[in-house]
Amino acid sequence: MSALFRHLPSMDRLLRHLADDPELSALPRALVRDLADAFLDLLREEIRAGAVRDESDLSMERLLPRLLAFVRRGARPHFRRVLNATGVVIHTNLGRSCLAEAATRAVTDACRNYSNLEFDLSTGARGSRYAHVEKLICRITGAEAALVVNNNAAAVLIVLDTLAKGREVVVSRGQLVEIGGSFRIPDVMRRSGAELVEVGATNRTHLRDYEQAITENTGMLLKVHCSNFRIIGFTKEVPLEDLVSLGRARGIPVVEDLGSGSFFDFRQAAGLSLEEPTVQRTVASGADIVTFSGDKVLGGPQAGIIVGRAEWIDKIKKNPLNRALRIDKMTLAALEATLRLYLDPERARAEIPTLAMITAAPNELRAKARALAARLRTALAGLAGVRVAPGVSRVGGGSFPEFDLPTSLVELTPAAPVRAENLRQALLATDPPLVGRVERGALMLDPRTLRRDEFPLVAEALAQGFAAATPNPDNP
Ligand SMILES: *Cc1c(COP(=O)(O)O)cnc(C)c1O
């Protein structure tokens, strides 16, 4: 075995071969050297494990294709594009919302060039970065004032910190949600220095529960949207209007954290029975402050949008935390472009990918599924059975939990020896990676979250995936 180690190619030899490859020769030398090093480590590991039979296995002729593939794979950027075939539109792990074309153009423009980010072009003096979107947000939502911070978690934090530090915040027990990751309403409240006063039972909270909890130290009545779960059965929630009347009577601000706030009325405009209040309706109900995400159902960049009464928003703007939570110019550019689309709801629906995907019509999805299936039958001839089957997609992002969107799936049943689960795993390493789900021994691809211009990439990823998932007798 130790004799085999002497037949390992030298680092210099590997580097010379890599320099001959036109694609790889453009890579940073330090990166190529690290990868060649890792490749040699891998070979040593294989010798130790007895996987290398004789010195011919270590000839450059045998090694070169592996070396090139290894370096190509290792040199890819870590953060990259993925094909989302899951049908989950706002997929938290896959980047939530894709931006509209107008928004991506605005981002490019904002980051390639100087801009009037904090410069007032009418006076030539310093301006405010928030002025660019505040009017638009107010115009769309009907709110008096608005502010944008890094994300909705930051929005909730700064609202609590400004209005309720050292004071009591009354919340229904049924709304103490955990959003995922480590964002839990009670924890955020503790961080902000507010004291949580839970009222009601998990399934039922009455107005009198809030009334009885109010003391001279109550700083806020808070309503949190149950984004990612549903309480069903014997339940009762206090309508926002009733909380607002109570707050008004006692001089206490009422805040609603909507989570995934929507400007778009899915029921009215798209006939979907998504029973969620829009931001406009929540503002009209009289809430003093409403917070929501920019990259959930809104379909814009990551941001936390705070709207409400000017007296409170002004206080929040002056909070020193605001500087720490502020948005950058790329976000601002993407947000303004997205908001402008909302001035015409039909345009918003057509051009904001999140809205377009949620409202895609069943016959449109069927046609897409058929087109994808036809392409895959040609590309994967003999490798898999391909058919179109009815299924369901999800909105995701903690929005509209348990709500099924009917869709048409492309169902791939791999021919032996490949198994659907191995294929699913192999597809995580293709270029680009393709994320799907396995059901009933088949890989399911939902065309709702794939653009037609991505179909060739899907076919390419699947071809790579099948090659990788097929057991190779030469290379066990
Ligand atoms: C998603 C969500 C948040 C957090 O929003 P981010 O934009 O992810 O920071 C907060 N509250 C609710 C109710 C949510 O659904």
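Reader: Where is H225 found in this model?
Author: In this predicted model, H225 lies in the loop that runs between strand 10 (218-224) and helix 10 (240-250).

Reader: Is H225 buried or exposed there?
Author: H225 is buried, because its relative accessible area is 17% and buried means under 20%.

Reader: Which residues does H225 touch, leaving out those up to four places away in sequence?
Author: H225 touches V177, D257, L258 and E276.

Reader: Let's turn to strand 6. How many of its residues are buried?
Author: Five of the five residues in strand 6 (residues 168-172) are buried, so the strand is largely enclosed by the rest of the structure. Both of its faces are covered, with E168, V170 and S172 buried on one side and V169 and V171 buried on the other.

Reader: And which strands does strand 6 pair with?
Author: Strand 6 runs parallel to strand 9 (residues 195-199), to which five bridges join it, and E168 has E195 as its bridge partner in that strand. Strand 6 also pairs with strand 10 in the parallel sense, over four bridges, and here V171 stands opposite L222.

Reader: Switching to helices, what span should helix 3 have, and what are its end C-alpha atoms apart?
Author: Helix 3 (residues 29-48) has 20 residues, which at 1.5 Å a residue should span 28 Å, and its end C-alpha atoms are 29 Å apart, which agrees.

Reader: Which residues of helix 3 are buried?
Author: The buried residues of helix 3 are V32, L35, A36, F39, L40, L43 and I47. Viewed down the helix axis, these buried residues fall within an arc of 145°, so they line one face of helix 3. An α-helix has 3.6 residues a turn, so residues three or four places apart point the same way.

Reader: What do they pack against, and what does the face turned away carry?
Author: The buried residues of helix 3 pack against helix 1 (2-5), helix 2 (11-20) and helix 4 (60-75), while the face turned away from the buried side carries the exposed residues A30 and D34. After helix 3 comes G50, which has a positive phi near 80°.

Reader: What about helix 18, which of its residues are buried?
Author: In helix 18 (residues 362-379), L365, K368, A369, L372, A373 and L376 are buried. Seen down the axis of helix 18, they fall within an arc of 135°, so they line one face of the helix. On the other side of helix 18, N363, R370 and T378 are exposed.

Definitions and conventions
Residues numbered from 1 in each chain as written. Predicted model: local features only at pLDDT ≥ 70, side-chain atom pairs only at ≥ 80, totals over all residues. Heavy atoms only, no water. Helix = DSSP H or I, 4+ residues; strand = E, 2+ residues; numbered from the N terminus. Expected span 1.5 Å × (residues − 1). Buried < 20%, exposed > 50% of the residue type's maximum accessible area, 1.4 Å probe, protein only. Arc of directions from axis to C-beta. Contact = heavy atoms within 4.5 Å. Pairing = 2+ DSSP bridges.
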